[in-house]
Amino acid sequence: MSDSRSVAAVAAGSDDAVLQWVTFKLDNETYGINVMQVQEVLRYTEIAPVPGAPNYVLGIINLRGNVVTVIDTRSRFGLQSADVDDSTRIVIIEAEKQVIGILVDSVAEVVYLRRSEIDNAPNVGTEESAKFIQGVSNRDNELLILVDLDKLLSDDEWAELSDI
Amino acid sequence: MSKSVDETVFDYFALLLKEPAEETVEKPNIAQSSSKTQGSVATHNDVTAALVTKKSSQVNTFDIEAEPLKAIEDSIKSISAESHRDFPQDKDKPPSDHSVKSTPISQYQPATKVSSERSFAEPIENIDKQSLEKLLSAVSKPEYQTTVDTQAKPAPTVAEIKASADKVRQALGLATDVVVNKAPVASALTQKNLVADKEIKPLVDIKLAETTPSPINQAIINDEEQLGHQPKTQLGAAPPSVTEDLQQVLDEEFQVLFFKVAGLTLAVPLVSLGGIVKVERINHLIGRPKWFLGVQPHREEKINVVDTCAWVMPEKYSPQMAESIDYQYLVMLEGSRWGLACESLVNAVKIDKSHVNWREKPGKRPWLAGVVKQQMCGILHVQALIDMLDAGLGCQDSIDRG
C-alpha cells in the first residue's frame with residue numbers, strides 16, 4: 001500500500017504538494033487546520049460573554065487592543081462541553097476575511113502532509129457539521145481529521161459574526 | 001368461381017326470360033335463393049312438362065323471333081356495353097352473359113320489387129348494378145365484402161350505392177361520373193335523398209354497431225394484454241435477482257461465520273468476509289449518523305466502523321444499550337472499507353444451501369439474504385449491505401426509501 005501510495009505521489013509530481021497542518025485535540029480526537037490560516041495560539045484567557053450572541057459564540061477577547069470573537073468549537077462540532085484546564089488553548093485563525101478565535105482542548109504540533117496522503121472522509125454524513133471535515137489522513141497509525149475552517153460557519157453566520 | 005358466377009347469372013336470367021309474368025312475384029324468391037341457384041333450377045326442372053316446353057319455346061323465341069324482341073335486343077346491346085363499363089373486372093366474361101343479364105331486368109324494371117325497394121333514379125343502371133351486386137354477392141361474397149368494407153369506412157351508404165360507380169370512375173374517368181351524377185331528375189333526387197336518408201340511418205347504425213365494438217374490444221383486449229404482461233414480466237424478472245448473485249457464488253455447501261451483537265446472532269458467508277480486525281481505536285467523525293462509529297486506522301488503511309447494533313436494531317438502540325455493548329472485533333466486508341463491529345465471534349461452520357431459507361422477493365431488508373434454519377439467525381447479503389452503507393443508508397432508511 002505504501003509502495004502504491006509513493007508511486008502515486010511520484011506520478012503526481014509537483015502537484016503532490018506538502019502542506020503544513022496545526023493539530024489540536026478535541027474530545028480525544030486529533031484535528032488539523034491549515035497553518036496558513038493560523039495567526040497565533042493563546043493560552044486560555046477570560047472570555048467576555050456577549051448578550052444576544054449566537055449559541056456558538058463564547059464571547060470576545062481583547063487581543064492587543066483588537067476585539068476577537070471566540071467560537072465554541074465543541075458546540076459547533078456537536079460535542080459535549082468540557083471544563084477548561086491548563087492545556088486549553090485559543091487558536092486565532094483567519095477565515096473568510098475575519099479573525100476569530102476557536103477554543104480547543106490542546107494544541108499538539110505542526111505536521112507535514114502530502115496531498116496524496118489526504119483521503120476523503122466517508123460520505124455518510126447528513127448533518128451540517130459533516131461538511132467541516134476536509135479530509136482524513138492516517139499518520140503514525142493515528143487518524144488526523146482535517147478541518148475546513150472556511151466552512152466552519154455559513155455565509156450568514158460569518159456575516160452575523162462580523163456585526164458582533 | 002367465375003364459372004359459378006356465370007352459371008348463376010345464366011340461370012337467373014334464363015328464369016327471367018322464361019316466366020316474365022311471374023317474375024315480379026317470384027323474383028324476391030329467386031333473389032333470396034340466388035345463393036341456392038342449383039336448388040331453384042332443380043325446382044324449375046321439376047315443373048310440369050308444359051312448363052318445360054314453355055321454357056324451351058321461349059328460349060326458341062328469344063333466338064328466332066326477332067320482332068317482339070327487337071327492343072329487348074337493342075337494350076341488351078346498349079346495356080351490355082354499360083355493364084361492361086360498370087364492371088370492368090367482368091370483361092373476361094362472355095358478352096352474351098351480360099346481354100342476357102341486363103335485358104330482362106331493364107325490360108321488367110318498372111315491375112320489379114327489388115328496384116322499387118332501392119328506388120334508384122336511373123332504372124337501367126341501378127337495376128343492373130343491383131342485380132349484379134346481388135348476384136355477385138351471393139356467389140362471390142368474399143370479394144364483394146372486402147371491396148365494400150374498404151370503401152364503406154368513410155361513408156358507408158354512399159360507398160355502397162356507388163360501389164360500381166367508383167369502379168367505373170377508375171376505368172373510364174369523370175365522364176361516366178358526370179353522367180351518373182347528372183342522370184337523376186330533381187324529383188328523383190329528392191326521392192333518392194329521402195330513401196338514402198332512410199337507408200343511411202339504419203346502415204350507419206348497423207355498421208357502427210358492427211364496427212365500433214370490435215375496435216373497442218380489441219383496444220380493451222390490447223390494454224388488458226399490455227397491463228397483464230407488464231406486471232408479469234416485472235414480477236418474473238425481479239425475484240431471482242435478489243439473492244441469485246449470492247447463491248451463484250456459493251457452493252452447495254459453504255462456510256459461514258457466526259458473530260454476535262447485543263445477543264443477536266448474524267451470519268456472513270466466508271466468501272464475503274474481508275477479514276477480522278480487533279477493535280483498537282475508533283476515531284469519531286463529527287456530523288456522521290449514529291450508526292457510524294468512526295474510522296479505525298489499520299495497516300495504513302482506514303476502516304469505516306459500523307455500529308452494528310445501531311444499524312440493525314435502531315429501534316432498540318438506546319444510550320443504555322450503547323454503554324453496555326463492548327465491541328471487540330470488526331467483521332470486514334469483502335471488497336470494501338466497511339467493518340461491522342461485533343462483541344464476539346461464535347464459530348465458522350459449513351452449511352448446506354438448502355439449510356438457508358433464501359429471500360426470494362425484494363423487501364425492506366435487502367441486506368438480509370435469508371435465514372439459517374438451524375441457528376435461526378440472519379445471513380447477510382454483503383454486497384447489498386455495502387451498497388447501502390456506501391449510500392449512507394441505515395436500516396430504517398432502506399425501509400423509507402424502498
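Student: In what order do the five strands of the open sheet in chain B stand?

Tutor: The pairing in this sheet is mixed; two strands pair if DSSP finds at least two bridges between them. Strands (E, at least two residues) and helices (H or I, at least four residues) are DSSP runs, numbered from the N terminus. This is a predicted model, in which local features need pLDDT of at least 70, side-chain atom pairs count only at pLDDT 80 or more, and totals for chains, interfaces and linings use all residues. The order of the five strands is β3-β6-β7-β5-β4 of chain B.

Student: Which strands of chain B are the edge strands of this sheet?

Tutor: An edge strand here pairs on one side only. That holds for residues 273-278 and for residues 292-298 of chain B. The edge strands are β3 and β4 of chain B.

Student: By what angle are neighbouring strands of this sheet turned against each other on average?

Tutor: Axes are lines fitted to C-alpha atoms, for helices over the stretch in contact, and angles run from 0 to 180 degrees between N-to-C directions. For this average, direction is ignored. Neighbouring strands are turned by 30°.

Student: Which helix of chain B packs on the sheet?

Tutor: The helix touches β5, β6 (329-333) and β7 of chain B, where two residues are in contact if their C-beta atoms, placed from the backbone, lie within 7 Å. Its direction makes about 100° with that of β6(B). The helix spans residues 382-390 of chain B and is α18.

Student: Which residue is the bridge partner of B:Val306 in β7(B)?

Tutor: Residues are numbered from 1 along each chain as its sequence is written, while chains are lettered from A and ligands numbered from 1 in the order in which they are written. Strand β5 (residues 301-306) and strand β7 (residues 338-342) of chain B run parallel and are joined by three bridges. The partner of B:Val306 is B:Leu340.

Student: What share of the residues in chain B is buried?

Tutor: A residue is buried if 20 or more other C-beta atoms lie within 10 Å of its own, exposed if 12 or fewer, and partly exposed in between, with C-beta atoms placed from the backbone. Chain B has 402 residues, with 19 helices and eleven strands. The buried share is 28%.

Student: How many residues does each chain give to the contact?

Tutor: Chain A and chain B both take part in the contact. The counts are 24 residues from chain A and 15 residues from chain B.

Student: Which elements give two or more residues to the side of chain A that touches chain B?

Tutor: That side has eleven nonpolar, eight polar and five charged residues. Ala, Val, Leu, Ile, Met, Phe, Trp, Tyr, Cys and Pro count as nonpolar, Asp, Glu, Lys and Arg as charged, and the others, Gly among them, as polar. The elements, residues 133-139 and 142-147, are β9 and β10 of chain A.

Student: Why is A:Val70 counted as buried?

Tutor: A:Val70 is in strand β5 of chain A. Among the residues it touches are A:Ile47, A:Leu58 and A:Leu103. A:Val70 is buried because the number of other C-beta atoms within 10 Å is 24.

Student: Is A:Arg64 buried or exposed?

Tutor: A:Arg64 is found in the loop between β4 (57-63) and β5 (66-71) of chain A. Its phi is positive, about 50°, although A:Arg64 is not a glycine. With 5 C-beta neighbours inside 10 Å, A:Arg64 counts as exposed.

Technical notes
Lists of a residue's contacts leave out its neighbours within four places in sequence.
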